[in-house]
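Here are some notes for a first look. Please keep the structure open beside them.

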Amino acid sequence: MREKTRDTAFSEYVAGQRVRLVRAARLLTVGDEAEAEDLVQATLTKLYVNWSRVIRADDPVAYGYRSLTNTFLDERRRAHRRREVVTDTTPEVAHPTADPDTRRLVLEALEGLAPRQRAVIVLRHFLQYDVAAAAEVLGCAEGTVKSQNAKALAHLREVLGASLHAEGAL
Amino acid sequence: MSDLQTLLAGAVDDHVDLDVAADVRRGRSAVRRRRLTLVGGIAAALILAGGAATALVRPSILPLHSADTVTATVHAGAFVIPPPPDGWSVQAADESLVVIAPDGLPKVDLHDPSLSLRVAGKLSIHLVPGGIDSPEAGPTIDYDGRSFFDNEHGGVGTQVGVREASGDWLVLQEAPRLGWTVQQMVEYLDAVVLTSDAVPDPGA
């Protein structure tokens with residue numbers, strides 16, 4: 001593939017998907033803006049390098065989220081977390097839409113989940129993937145997604161109890 | 001939208017700075033680095049096949065080039081390098097690689113499989129196995145009696161390199177934010193000296 005063609009297609013992909021990728025990454029990293037940006041940069045770089053695979057995928061968008069999730073899980077498996085990719089701009093300070101108390105509670109609840117359970121929650125309840133799609137992203141059986149999701153939701157109910165009742169969530 | 005989705009969506013900022021060009025630049029740099037790594041790997045195989053394996057483990061100690069233009073030097077891993085630019089410092093170094101980054105960034109793990117991503121945007125000096133004419137086709141710059149290659153002159157993520165007496169390639173990858181010219185890169189790289197501990201990157 002010619003580099004110019006790849007650049008054009010990749011740019012369109014980034015323009016269309018980066019915001020959502022960053023938001024998903026912020027949930028995976030429990031609101032850590034720098035780590036989320038690091039994660040998305042790493043993911044997009046992998047996508048650029050493997051662009052021919054991306055465009056051959058049945059769903060290039062899903063391919064991106066799979067790469068994001070796998071990159072996140074790979075990072076968490078390593079002993080040392082890294083967050084020092086240099087960017088040309090400094091990430092913005094967060095301006096979440098929820099009130100600060102609710103936001104803090106939600107992020108604390110997410111932090112209490114194992115990385116894989118957190119990935120399940122993001123895939124199933126933020127990105128709205130069905131069980132089969134989430135299983136494909138995570139490379140596991142649908143039953144595993146269901147069980148991980150159930151455990152994660154139980155934890156969220158426990159931590160977010162009052163907030164959930166107030167908002168009628170879950 | 002489920003209630004949980006509302007809570008999740010509300011917990012993170014929906015404002016994202018979009019710099020598509022920066023993502024493209026990082027991608028291009030990663031591709032270039034991978035190509036260089038692949039070429040280096042082929043070179044290493046050629047050297048080993050030719051019975052010149054000693055070049056991989058015993059690089060020669062080379063004289064300092066352009067010593068009169070360098071007021072101070074910094075020991076970084078197995079390299080002696082000119083002082084980093086103002087506000088930058090050596091972030092990590094070993095026998096094959098030096099990473100120079102803006103002050104204050106945490107150390108990078110040089111054995112990280114995704115190191116290329118961690119090096120993106122930083123100034124790096126990399127010793128890779130030689131054995132071929134040039135890691136990348138590109139114009140040649142003659143300086144200080146040596147020939148340097150420039151694999152993408154005028155572009156972002158430029159690398160310049162020079163073949164050392166050992167036959168290995170010493171490569172400098174630019175940090176785009178420094179805005180260095182190819183000539184500045186050549187002059188900086190020319191002043192880099194290998195110590196007897198320097199070893200071409202076995203992963204390259």
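What is the strand order in the open sheet of seven strands in chain B?

1. The order is S3-S4-S5-S9-S8-S7-S6, and the pairing is antiparallel. Strands S3 (88-93) and S6 (140-143) of chain B stand at the edges with a single partner strand each, so one side of each has no neighbour in the sheet. On average, neighbouring strands of this sheet are turned by 25° against each other, direction ignored. Axes here are lines fitted to C-alpha atoms. Strands are DSSP runs of E, at least two residues, and helices are runs of H or I, at least four, numbered from the N terminus. Two strands pair if DSSP finds at least two bridges between them.

2. This is a predicted model: local features need pLDDT of at least 70, side-chain atom pairs count only at pLDDT 80 or more, and totals for chains, interfaces and linings use all residues. Residues are numbered from 1 along each chain as its sequence is written, while chains are lettered from A and ligands numbered from 1 in the order in which they are written.

3. B:Val98 has B:Ile125 as its bridge partner in S5(B).

4. Chain B also has an open antiparallel sheet of three strands, ordered S1-S2-S10. S1 (74-76) and S10 (193-194) are its edge strands, each pairing on one side only. S2 (residues 79-81) meets S10(B) over two antiparallel bridges. There, B:Phe79 is bridged to B:Leu194.

5. Just after H7(A), A:Gly139 takes a positive phi of about 65°.

Terms used. Axes fitted to C-alpha atoms, helices over the stretch in contact; angles between N-to-C directions.
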